[in-house]
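Subject: Structure for you to look at

Hi,

Here is the structure I said I would pass on. Have a look at it first, and then read on for my notes.

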Amino acid sequence: MAQPLLTLDFLDRAAPVAEATPAGNVRVTLPTRTGRQRKLYIESYGCQMNFSDSEIVSSILFDEGFDTTDDLANADLVLLNTCSIREKAEQTVRMRLKQINSHKKRKPDMLVGVLGCMAERLKSKFLEEEKIVDLVVGPDAYRDLPQLIAQVDGGQKGVNVLLSREETYADITPVRLNSNGVSAFISIMRGCDNMCSFCVVPFTRGRERSRDAHSIVQEARDLVAAGYKEVTLLGQNVDSYKWAAANGSEHVNFAQLLERVALISPELRVRFSTSHPKDITDEVLHTMARHENICKYIHLPAQSGNSRVLALMNRTYDRAWYEERVNRIREILGEDCAISTDMIAGFCSETEEEHADTKSLMHFVKYDMAYQFFYSERPGTLAARKLADDVPLETKKRRLQELIDIQQVHSAERNARAVGQVHKVLVENFSKRSKDDLSGRNSQNQVVIFPKGNFKKGDYVNVLVHSSSASTLLGEALN
Ligand code: SAH
Ligand code: SF4
Ligand code: F3S
């Protein structure tokens, strides 16, 4: 049903080095045309979990007679799937609502809804603050959308922000939006039980729960049958995935789930995100080592390189623990396993020396890639309640820039190491610059561009890399 849709994003997987973040992308839905009566325009902000949720929402609304469209001006229902992770993410949505308002003036029967984390954080206050909004629906309430839309059709506003301890949308087959037909996301869990003091996610996404392992494996099988070549298993902390059958006959942890998905087909690449340094186990690393098709890439956010700051952040590991985990990755998977991180500059009371520790951790690990941010206080979080946001903005920005500069050098060094080597690349698309070139990624998640020859999307191609920059590898196909 879901035809391949184009993408308007600048996907995070193109390995940005700096503030272009996993929570900084916007994706717009391009059309599904099945002649359904009403047109849904959906825009997603924030992390991959949100993009994945938009696919669930589109599936629920498809069954209600909605096709997706990329034509905002003529949409019957406009949904923004929002992010609250930093203040800037929320400002972006508010500005977008202003623009949507001008469309609504021209098409007064247009319904406007906000979904996701900002909806959950602001609840019905959203309706007071933004008059244009008709619908406010939190991440666990999407099954209620048809009922809420009917309510709005009847002239009322619709709000459901109830969080759930059980909802995983396990039985809903997502409508693949913006898909290249090669790679897809699969949500394996929802919510987060960690209480990192800076983070709004536990408040907006609720308690952690793991999805039925069989439904995950089935979704991956269906994707393989539909021609997909890569899945990314998604969760805020995938290493704490834990599912048990209702009768207790079966228990599945993350390493076991990873293995089940990897065994579906040697042609299917498996990725996952995000790994929490406190929870990533040797069992996961050994499972990665056993299966060629589990990509050798780990996103292992450190947040800081200083143990006092990590304690204030409530990350529950210290620097020594983090370094030990990195050493284990290198021992079990070798130098070729890529590691990336998230870093926060200028967290509450962070001193220059503590900031220097973050820089020295970066030199210790030499990350392949990093998403870096300056600290943004979020209402209601532990840090907002207990700690002063006392690092001046200019200092935060300067520290962030220092981290970005270091990462730029490390990314370039890391990419330069690939020159002269042959890499197995899964082709995802044409290169953005030229239709004569193809773009794909290797196991380490590096972007590789090469002349297309007779290859096409979805092919595995051995590419001899001849040159590199901080963001890309360039090469020639061998097979
Ligand atoms: N679950 C993931 C992170 C999800 S949020 C993990 O634990 O690693 C993505 C990233 O946003 C975080 O890793 C953090 O670096 C950043 N972030 C979260 N809250 C933030 C805040 N208040 N200010 C700045 N950056 C923040
Ligand atoms: Fe936020 Fe921490 Fe949970 Fe990640 S692990 S989502 S940073 S609370
Ligand atoms: Fe943003 Fe919510 Fe994801 S706050 S980063 S969309 S979980």
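Bear in mind that this is a predicted model.

I'll start with a pair of helices. The axes of α8 (residues 254-262) and α9 (residues 282-290) come within 8 Å of each other and cross at roughly 15°. That angle is under 35 degrees, so α8 counts as roughly parallel to α9. As for handedness, the crossing of α8 and α9 is right-handed. On the α8 side, the residues that meet the other helix are Phe254, Ala255, Gln256, Leu258 and Glu259, and their partners in α9 are Glu283, Val284, Thr287, Met288 and Arg290. By type, the residues of this contact come out as 5 nonpolar, 2 polar and 3 charged.

The peptide bond joining Ser273 and Thr274 is cis, with omega at about 10°. Thr274 sits in the loop between β14 (269-273) and α9.

While you are on backbone geometry, take a look at Lys366 too. Its phi is near 55°, which is a positive value in a residue other than glycine. Lys366 is also a loop residue, placed between α12 (352-365) and β17 (369-374).

Around ligand 3 you will find Cys47, Asn50, Cys83, Ser84, Ile85, Cys117, Val201, Arg205 and Gln236. That shell divides into 5 nonpolar, 3 polar and 1 charged. Which domains does the shell around ligand 3 draw on? At least three of its residues come from domain 1 (17-160), and at least three from domain 2 (182-295).

Ligand 2 has Cys192, Asn194, Cys196, Phe198, Cys199, Val201, Pro202, Gln236, His276 and Arg315 around it.

Cheers

Technical notes:
Residues numbered from 1 in each chain as written. Chains lettered and ligands numbered in written order. Predicted model: local features only at pLDDT ≥ 70, side-chain atom pairs only at ≥ 80, totals over all residues. Heavy atoms only, no water. Axes fitted to C-alpha atoms, helices over the stretch in contact; angles between N-to-C directions. Helix = DSSP H or I, 4+ residues; strand = E, 2+ residues; numbered from the N terminus. Parallel < 35°, antiparallel > 145°, perpendicular 65-115°, else oblique. Left-handed = near helix turned anticlockwise from the far one by under 90°. Contact = heavy atoms within 4.5 Å. Nonpolar A, V, L, I, M, F, W, Y, C, P; charged D, E, K, R; others polar. Near = heavy atom within 4 Å. Domains from an automatic or database assignment.
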